[in-house]
Amino acid sequence: MALGGATALLCLTATTAAKTAAVDALPPNLLALPEGFAFGAATAAYQIEGAASEGGRGPSIWDAFSHEKGKTHNGDSGDVADDHYHRYPEDIELLAKAGIKHYRLSLSWSRLMPDGRTLNDEGVAFYSALLDLLKEKNIEPRVTLYHWDLPLALEEEYKGWLSSDIVEDFANYAGKCFALFGDRVKTWTTFNEPLTFVGGGYGTGVMAPGRCSDRTRCKEGDSETEPLLAAHHVLLAHAYAAQKFRARISDGTIDMVNCGWMAWPLREGSMDDANAASSFMEAQWAWFIDPIVKGDYPPSLKARAPALPQFTSEEQKLLKGSVDMLGVNYYTSRYVAAADAVYPAASVGDAAGIPALNNEYHLATSRQPSEGTQKIGVVGGSSWLYVAPDGLTDVLLWLKDRYNLPMAVTENGCDQPDGEDEHDDVWRIDYLRSHIDGVATAIQRGADVQAYYAWSLLDNYEWADGYSKRFGLV
Ligand code: PNW
């Protein structure tokens, strides 16, 4: 069963000519995947739906951001995207035909609640029809409530994630979704990649709502403090939503999807680099996962980021254990060195999510052992995406050791560099195959990984990169 799923995924991305080769190339340790292991493909509402002002949908912060001059590649927006709003039956047929039985999607809050609070019947009807069709095709949905598209009304009213008002509005939105769709959806995610949308939205300003300290690029914002505050409210919103979930749904699971890289010490044998790599892992992964599993921020972050807000003891109780499993998005890895390291090709880190901590690391994509330069991997279509399948194994094992919870790889994928053979899609097949192999290795070493979703079912709107990057199996 597991093997069949992987074959379907790899075949969806290949032409007929390449299909036999794809199947032949299945790694042997796939046989180690447990019975019932779920293979799927993933998408997100704003990246595929289009119909931005149809069906009663209200604007989100991404509509505003993408229409602002100079914010996205080519001025691209999600106005039309994959036109999934109109063409969803065809898109679901792609899954059905390939034999893919699991589909991760997100709901557009502003389609369901144009002002962030009032239900829009047409939006409800759209998702209802979509979920009914998935059921008819025997495809199991995994639904994310928030994949970065905050209703613009809430941004304008109280600055969105910067205000504690958002906590109640998000929990109410979540509660409504559980009530409306909980009969058909058993696997729920509150947030997709807080690290990315908090870092991009409030640290670097390259994502909506586009706030940062640099006044040449951002009209407003404070990169030192706002990411911490926004993240704090995201975590609380998660906790209150999870409480509502558990009060209503007993035959399902709730999780949060987090992301990050595997950080390996740059200089093998250096204690300083080992410490830097380990604190980097905590700044990316544990910033969000420690609170929802253990009830508080990691001690290392509290010590290094004094501006980190504090949870009350009541909030800590609510946060602790507020997920049934961990969603894991993995794309790439880095070598990490201590900040005082003098090392060629290592640059000051800009990916820790917490800008205040960036000066504590150097990041590198190659190291120089005595035998010669060792690159982390070849680079994909996006300049940040170095192909490093071992990193997925190591991330899963790092998470297992720290949290000991069931996990799902909720996103993994690659955009191929321009000029790579697109016809037989060899590049992508190779990426997916090696990473699925990496998951199997982690399972063999004791990680409880239950699912793998390829990003993405379709080429789609890649945020600030617009339509210039193509992650789609189709
Ligand atoms: C994810 N990184 O974002 C998002 O969840 C998707 O919406 C997006 O399309 C996809 O990955 C591809 O980018 C990420 O720097 C953005 O490692 C950046 C990173 C990882 C994920």
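Biologist: What volume does the second largest pocket have?

Modeller: In this predicted model, the second largest pocket has a volume of about 390 Å³.

Biologist: What makes a residue part of the lining of the second largest pocket, and how many residues line it?

Modeller: A lining residue must have an atom within 4 Å of a pocket point. For the second largest pocket, 17 residues form the lining, and Glu68, Pro209, Gly210, Arg211 and Lys219 lie nearest its centre. Two or more lining residues come from each of helix 4 (61-67) and helix 8 (152-158).

Biologist: How do the lining residues of the second largest pocket divide into nonpolar, polar and charged?

Modeller: Ten are charged, six nonpolar and one polar. Asp, Glu, Lys and Arg count as charged, so Glu68, Arg211 and Lys219 belong to that class.

Biologist: Turning to the ligand, which residues are the closest to it?

Modeller: Gln47, His147, Trp261, Glu462 and Trp463 are the closest of the 15 residues that surround the ligand. By class, this shell has seven nonpolar, five polar and three charged residues.

Biologist: How much of the ligand does the protein bury?

Modeller: The ligand taken alone exposes 450 Å², of which the protein buries 89%.

Definitions and conventions: Residues are numbered from 1 along each chain as its sequence is written. This is a predicted model: local features need pLDDT of at least 70, side-chain atom pairs count only at pLDDT 80 or more; totals for chains, interfaces and linings use all residues. Side-chain values use heavy atoms; hydrogens and water are left out. On a 1 Å grid over the protein atoms alone, a cavity is a set of points where a 1.4 Å probe fits but cannot get out, and a pocket is an open set with protein on both sides within 12 Å along at least five of seven lines; lining residues have an atom within 4 Å of a point. Grid points are joined across faces, edges and corners, and a volume is the space filled by probe spheres set on the points. Helices (H or I, at least four residues) and strands (E, at least two) are DSSP runs, numbered from the N terminus. A residue is near a molecule or strand if one of its heavy atoms lies within 4 Å of it. Accessible areas come from the Shrake-Rupley method with a 1.4 Å probe; for residues, only the protein chains shown count as cover.
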